[in-house]
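Biologist: Could you show me how to read a protein surface that faces DNA?

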2 protein chains.
Amino acid sequence: MTVNVLVVEDEPAILELIAVNLEQAGLHVLRAADAEAALRFIGEALPDLVLVDWMLPGLSGIELVRRLRREERTRALPLILLTARGAEVDKVLGLEAGADDYVTKPFSPRELLARIRAVLRRRRPEVGEEVLEAGGLKLDPAARRVLAQGRVVSLGPTEFRLLQFLMAHPERVHSRGQLLDRVWGDHVFVEERTVDVHVRRLRAALEPYGLSGLIQTVRGAGYRFSVQATQEA
Amino acid sequence: MTVNVLVVEDEPAILELIAVNLEQAGLHVLRAADAEAALRFIGEALPDLVLVDWMLPGLSGIELVRRLRREERTRALPLILLTARGAEVDKVLGLEAGADDYVTKPFSPRELLARIRAVLRRRRPEVGEEVLEAGGLKLDPAARRVLAQGRVVSLGPTEFRLLQFLMAHPERVHSRGQLLDRVWGDHVFVEERTVDVHVRRLRAALEPYGLSGLIQTVRGAGYRFSVQATQEA
DNA sequence: GATTTTTGTCACGAAACCGTCACCATTTCG
DNA sequence: CGAAATGGTGACGGTTTCGTGACAAAAATC
């Protein structure tokens, strides 16, 4: 899960300083020297977060923030403003314009990273929060807990996500490729057979509770979560 | 220090009337036409006070109040409800939902301002005044005291707040990031692993009283306060 | 101002988890 | 029937994650 951060800063030295720090922390850094370039970048692909310097040639940082907040597509884009000194006015203006946070220069790399993390996690996902219940199984995403016949089932993170996806799309065959995309993520490179192993682990975890046959193999196609029995005689 | 007031009102004329009055009194006014917009505003930056109209399109004012009171972050946010006429039912409902005060339309600017000042003066002491009790534990925020099986447990301030938050939101996994935001505060920058250490200290403090397993680790996700046992088989 | 408590960070080790492979059983099809 | 394809299964090394004890800085207390 790489995080893309767009840094908008006209001073090359500072830009590189920031970029190196962020990249050391495992973030992927996109660079823009002014607001126009930033807008072009964002127009092509939405980054996960934008770091904007307050003072920019041409369109100022605060104007950039306002522009981004006006557009529907970029309204929820996390923004952090870099303000020069402890100019209180700027901070207030910046936050009012719609920035999620501000960092005053000079700043420590740690502070910057901490703020970035804070802003990134503040976005509330709220997707897939509903409790799934089927065939004697109850999966609660908020509690990250699975109950089989009312008893707690211990699952690893991947098995949990796999079961969650299968239960969310029951009575439907999913190919190994689809499962890799939806459960592991589109960008990961793992063998398709890995899915088999996780299915096996999932089955093994459910089997002690008398729940077998819920996850069915469809030869040549993939796997399916089904409450209905598959008796074909 | 300027006071930010968020006014939630769908009638543009009334909204402007209120806004002009408040701004003349030196307050800074943020405007929202409905509850959804208000939630977005509040999500970005907490105002000092929120003025909510009772009648709103979509999510009603009272629903907005309830939502805000449910969330830990906005629990202490001062709220004033604008009710139509002297409908006694509405007043009671509004106050029960968690509003700090109500103002009936039509109102004089002086009255509104007076109420605002009054509410701001007696700002809520702290989040969560209620006594929490679960799994042999009893946490009293007012007394800042925790009882385990009736005996006093000695906890540091941070451990206390951590336990309070966990007990206030039980049976739910909280990531280290969320815990940092809500126990330490959004603008505190500490390592995520610090949460681990405090959880350990909390566990160590509870363990002498035979209370273990209350704070559970969910690998790859975070921690959970749960009364249900995790023992399988 | 000195002592005690609290707090954040780190290093280390244990445990859990993951991806891959080899091997075997079963099915499919020439 | 035999070969190829497909999926189940157990095991193994590498990585990630978490618990734990120690330590120094900061804060509170006396």
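Modeller: Helix H6 (157–168) and H8 of chain A, along with helix H6 (157–168) and H8 of chain B, each supply at least two residues of the surface near DNA strand C. Helices here are DSSP runs of H or I with at least four residues, strands are E runs of at least two, and both are numbered from the N terminus. This is a predicted model, where local features need pLDDT of at least 70 and side-chain atom pairs pLDDT 80 or more, while totals for chains, interfaces and linings use all residues. Residues are numbered from 1 along each chain, chains are lettered from A and ligands numbered from 1 in written order, and side-chain values use heavy atoms, without hydrogens and water.

Biologist: How many residues surround DNA strand C?

Modeller: A residue is near a strand if one of its heavy atoms lies within 4 Å of it. For DNA strand C there are 25, with Thr158(A) and Glu191(B) among the closest.

Biologist: Which polar backbone atom is 2.6 Å from a phosphate oxygen of DNA strand C?

Modeller: A polar contact is a pair of N or O atoms within 3.5 Å. That backbone atom belongs to Glu191(B). A side-chain N or O atom of Thr194(A) is 2.8 Å from a phosphate oxygen of DNA strand C.

Biologist: And what about DNA strand D?

Modeller: There, a phosphate oxygen is 2.5 Å from a side-chain N or O atom of Thr217(A), and one is 2.7 Å from such an atom of Tyr223(A).

Technical notes
Polar contact = N/O pair within 3.5 Å; in protein donor to acceptor, adjacent residues only side chain to side chain.
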